[in-house]
Amino acid sequence: MMLLPSAQEISRFRTKIVELMGLNFDESKFDILAKVLHSRMLANGMEHTPYIDSLDTRSSEEIRLLARELTVTETYFLRNIDQFNAFAEVALPERLAVHDGNRNIEVLSAGCASGEEPYSLAITVREHCSYAADRISITAFDLNPAMLQKAAQARYSNWSLRDLSDELKKRWFKVGGDAFNLNDAIRKSVVFESRNLTQDGADFWSPARFDVVFCRNVLMYFSNDQAQAAVDRIARAMAPGGYLFLGHAETLRGISNDFHLRHSHDTFYYQRKEHIVSSHVRLPQLQPRVRWKPAASLSADTSWIEAIQRASDRIQALTPAVEVAMFDNAIYVGDRPMPDLHRVLESLHSERYDRSLDQIGNLPVQHAHDPDVLLLKAVSLIHSGALAEAEVVCEELLKCDEFNAGAHYVLALCREGAGDLDGAVEHDQTATYLDPKFAMPRLHLGLVSRRQGEHDSARKDLGLALLLLQHEDASRVLLFGGGFKREALLALCRAELAALGENK
């Protein structure tokens, strides 16, 4: 009887999967990897270690079989319909206008699984742009051969059609036994291929080929390096101004600088910049390690801007230890060292915002526009009540770091201070999209929703903030917590939820 794979073998198998397919599984998925490794080892009549060693020279068929067992394939028609609405009402009309009949619009569905996504795109084209359907070509690919076979059959269960209206079902499907058969015109409008997103192919990924790319819930399986390489490949194959749609929990933050973030139809998506150079690894967001002394609780109806201002007045003393170990060594951007920010951080820690601003102003001129420096400047300004000035700095920061979640959160506070609650919500939503683990914009969204009487939204966002705050990095509590320690922010969340009738 063969033993199950050891932890070391599973770890080696995980590394090999990243190399071959770009799929990345953390430690919580080791049980899945163990089952797949054991299954494929038995199928090939080999022990675990020899099987892993052989993967570099195994046939492409074995790699496809591995992909079939490792990838999640659950999907359905018009999944996350807001993105299809943005595709129909923003992306398609703009790309049609750009080309003005000069060439076809090329649409790609990467990681198409069993075909629901590309067929949904084809249905959307017929529903919204039927006049130009013959000018819109849809290509789809996946690594899993079983899924491609199902896509070619175009036969789906009622569960796959659960988000379609009865009218759309009737128009584009015919009942056949216990399943639904897709309309032939829709089926023939999509070309399927077997392809691996992590591998090059000069003919397929030709420059400026695609106008719209859907690559949803694919990058979430990739290592960071593989995700960067894949997005770089996609970006170079997209026409300038083309549109990229990712899964609702996926962002390009820390992956690519080649796109602008767009927001409409209650969804986020991306537009390729007119000129790109390459994908760059972003620096991690500034995270000085400091501690605040606890502050008093807030009343339920105070605004967050007022809370920040009151916090500056209330806090009288700070804990003696200032931990700035992250900045013990120089940080480099390319060949240029980052400035020494120890003193700025110490001034922030002691709530001497006028001094931190002076220290930032005295930095060498070449560092004046570094993203971390601009973020510290914006935070110093907003803590001192200079909201208009903080907003200007945040806008400058976003010009060089468009996906900076901290800048969007500070802008949300600025917009609230200016009485623009809709603008505050927009920036908070952008911050939470770019960094789903960022607690402060969730908390702010909850407070704003409660002030506006939107209690269901307030409960949702405050509940999420309560969970996120328990794991929030101490540095972000310092920078964005308005002077309040983690425990005080947790108490605020609980008090707000209690006032809304939630027991936490």
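β3 pairs with strand β5 (residues 179-182) in the antiparallel sense, over two bridges. Helices (H or I, at least four residues) and strands (E, at least two) are DSSP runs numbered from the N terminus, and two strands pair if DSSP finds at least two bridges between them. Welcome to a predicted model, where local features need pLDDT of at least 70, side-chain atom pairs count only at pLDDT 80 or more, and totals for chains, interfaces and linings use all residues. Residues are numbered from 1 along each chain as its sequence is written, and side-chain values use heavy atoms, leaving out hydrogens and water.

The three strands form an open sheet in the order β3-β5-β4, with antiparallel pairing. Its edge strands, β3 (155-156) and β4 (173-176), each pair on one side only.

Next comes Q429, which sits in helix α17 (residues 421-434). Beyond its neighbours within four places in sequence, Q429 is in contact (heavy atoms within 4.5 Å) with H263, F268 and L445. R442 lies 13 residues from Q429 in sequence and 8.1 Å away in space, C-alpha to C-alpha.

| Residue | Relative accessible area | Class |
|---|---|---|
| Q429 | 32% | partly exposed |
| C394 | 0% | buried |
| C493 | 0% | buried |

How many disulfides does the whole structure hold? The search finds zero, a disulfide being a pair of cysteine sulfur atoms within 2.5 Å. For C394, the closest cysteine sulfur is in C414, 5.5 Å away, which is too far for a bond.

Methods
Buried means under 20% relative accessible area, exposed over 50%, partly exposed in between (1.4 Å probe, protein chains only).
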